[in-house]
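Hi everyone, thanks for coming.

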Amino acid sequence: MDILVCVKRVPDTAENEIEIKGDGTDIERDDLVYSVNEWDNYATEEAIQIRDDKGGTVTVVTVGDEEAEEVLRRQMAMGADNGILLSDDAFEDTDGRGIASILKAEVEKGKYDLILTGAQADDGAAQVGGMLAAMLDLPYAALVNKIEVIDDKKIKVGREIEGGNQELNEIELPCVLSIQTGINEPRYVGIRGIRKVASVEIPTHGTGDLGLDAGSVGASAAKVKRVDYFTPEMGAGAEMLEGSMDEMVEKLIDMLKAKGGLK
Amino acid sequence: MTQLFAYIAHRNGVVEDTAAELAVAARTIDASAEITAVVVGTGSDLDGACQGAAKLYKEVWKFDVPDLAYPNAEMIRTLLVNVLPADAMVLMAHDTFGMDLGPGLSIKLDSAYVADVVGIDGMDGATMKLVRQEFAGMAHTHMTCDTSAGAVISLRPGTFQPGEDADAGGAVTDKSGEAGDVGVKRRFLEVVEAEAGDVDITKADVLVSVGRGIEDQDNIEIAEELAEAMGAVVSCSRPIVDAKWLEKSRQVGTSGKTVKPKVYLALGISGSFQHLGGIKGSPFMVAVNKNPKAPIFQVADVGIEADILEFMPELTEKLKG
């Protein structure tokens, strides 16, 4: 089975406090730690496991600038066979639909049985996978937390739904799936693994290679635009306890007693 | 103004809470708009859902499709493309169904898509002004959406709270004949119910709930010791279950359990809306987090800015006193 995994380089919310720039045009990016989007990492792991079980290839692709190459290399260090960087100045400020159209152009250059994306990203809208599928006229399922290959024509997928329940579907190949966290346990990638793939060539495709009209992507084509980042006026929020840890814990115990939180 | 539609999610013949929320949101787009509720399903469950929708919307379109006893998003997308005008403005909930349906629907209707909206600031011509969040609620964004060729807008559940509105006394129109062919390449098989765990966190009065801030599997023990000292039960947020440090049955949130404790300790939990969506009954909430900007501090009653790995043993110690 030949599998394409669409990944994205994002600020790691577990590692960063997100601050908004004074003029609201962006978040402060200077000191941010970036990593591969968490959901995409589960998608890559799932693709590798399917390939190891059934044969085939895993290709990882991303839309981004040259720094995005590092996430491709990281996924290749996990075990992906190939990486493709989709990069062009014309791609700047492309909306989700534009990203899906760029990926569609790359998908049509190859032949894939299965296309995986992460279910969402911290700076995204959980939209690219479903859009890509619809553009390609392929069946789609979102929030997939189980994949069972039946044969080379169809697979069984579990979708995570409310209440911890799981919706099972049979879906024809080729198809597009968005992968939910928890579907597997992504393998650890060490520095050594990344060094091993440091010199592997990663092709870069731009509008020309993809046969895309520069006017169909980028800010001018975007129907949905971010105007600014802002901090909303919030209510009072929590009563923040002050003092030493000792004092704060003492205060809290009094409060918990009053609220029936201690037996 | 393009025509407004609300896709109504329902279960066991009852509309979901989001049905009323979509009506509230639609009125923020256009206070005078006539909004059409679209209800898809089959049999008596569908009739019940249509009656519920008619209390909220003046116009209800009913589609009885036997294959859609369970809402297969791929089929429903095809149905909606068959029956909606191409420039329709479609509202839906950003739940696990909406996430499955919305993006592809926007492509097939060739319209704009804005997901997980938490605020609508009205229209400026054909441009809708909206509010979203990024980075797990740590940043808000103002957005614009060109709706001139239609739009699909998904709304965060629980955000647009309905008031005490009068019964809309809506009329249900059976449009089943227009549904068209909805055969697709994805077939619904069954729903596998969540497994019951060793402890039922939904019955607990006091929950000691841990998130990413616990840092390591070995530290779960520290939370268990605290829970024991308090007479509480340990629950957790999603990342802890993804890491397989605790069982799925311990997870609080929309994709886990809905809990109604009297007291809720959110320890090292940032407070995503999916997590908060699983906490009902307005418990006394204490948040402990080393990130002072964590969204959990906006909803908690009491907050402590601290590393939970220092806080938990201190509290346990004092309680054992």
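Let's begin with chain B, whose secondary structure comes to nine helices and 18 strands. Helices (H or I, at least four residues) and strands (E, at least two) are DSSP runs here, numbered from the N terminus. The radius of gyration of chain B, taken over C-alpha atoms, is 22 Å, close to the 20 Å from the globule rule for 321 residues, so chain B is as compact as a globular protein of that length. That rule is 2.2 Å times the number of residues to the power 0.38.

Before we go on, a word on what you are looking at: this is a predicted model, where local features need pLDDT of at least 70, side-chain atom pairs count only at pLDDT 80 or more, and totals for chains, interfaces and linings use all residues. Residues are numbered from 1 along each chain as its sequence is written, while chains are lettered from A and ligands numbered from 1 in the order in which they are written.

How confident is the predictor? pLDDT is its confidence in each residue, from 0 to 100. For chain B the mean pLDDT is 95, and 100% of its residues reach 70 or more. The model scores ipTM 0.95 and pTM 0.94.

Now chain A, which has eight helices and 13 strands. Its C-alpha trace spans about 65 × 45 × 40 Å along the principal axes, and for chain B the box is roughly 70 × 45 × 40 Å. Buried residues make up 48% of the 263 residues in chain A and 52% of the 321 residues in chain B. Buried means that 20 or more other C-beta atoms, placed from the backbone, lie within 10 Å of the residue's own.

Next, the sheets. Strands of a sheet pair through backbone hydrogen bonds, either parallel or antiparallel. In our counting, two strands pair if DSSP finds at least two bridges between them.

Which strands make up the open sheet of 10 strands? The order is E11(A)-E5(A)-E4(A)-E1(A)-E6(A)-E10(A)-E7(A)-E8(A)-E9(A)-E13(B), with mixed pairing. Its edge strands are E11 of chain A and E13 of chain B, each pairing on one side only. Look at where the chains meet in this sheet: E9(A) and E13(B) are antiparallel over six bridges, with Gln166(A) opposite Val192(B). E8(A) and E9(A) also run antiparallel, joined by seven bridges, and there Gly158(A) stands opposite Leu168(A). Helix H4 of chain B packs on this sheet, touching E7 and E8 of chain A, at about 105 degrees to E7(A). Such angles run from 0 to 180 degrees between N-to-C directions, with axes fitted to C-alpha atoms, for helices over the stretch in contact.

The other one for today is an open sheet of six strands, in the order E13(A)-E18(B)-E17(B)-E16(B)-E14(B)-E15(B), with parallel pairing. E13 of chain A and E15 of chain B stand at the edges with a single partner strand each, so one side of each is left without a neighbour in the sheet. Helix H5 of chain B packs here, touching E14, E15 and E16 of chain B, and makes about 170 degrees with E14(B).

Finally, how many residues does each chain bring to the contact? Chain A gives 67 and chain B gives 73, where contact means C-beta atoms, placed from the backbone, within 7 Å.

Conventions:
Two residues are in contact if their C-beta atoms, placed from the backbone, lie within 7 Å. pLDDT is the predictor's confidence in each residue, from 0 to 100. A residue is buried if 20 or more other C-beta atoms lie within 10 Å of its own, exposed if 12 or fewer, and partly exposed in between; C-beta atoms are placed from the backbone.
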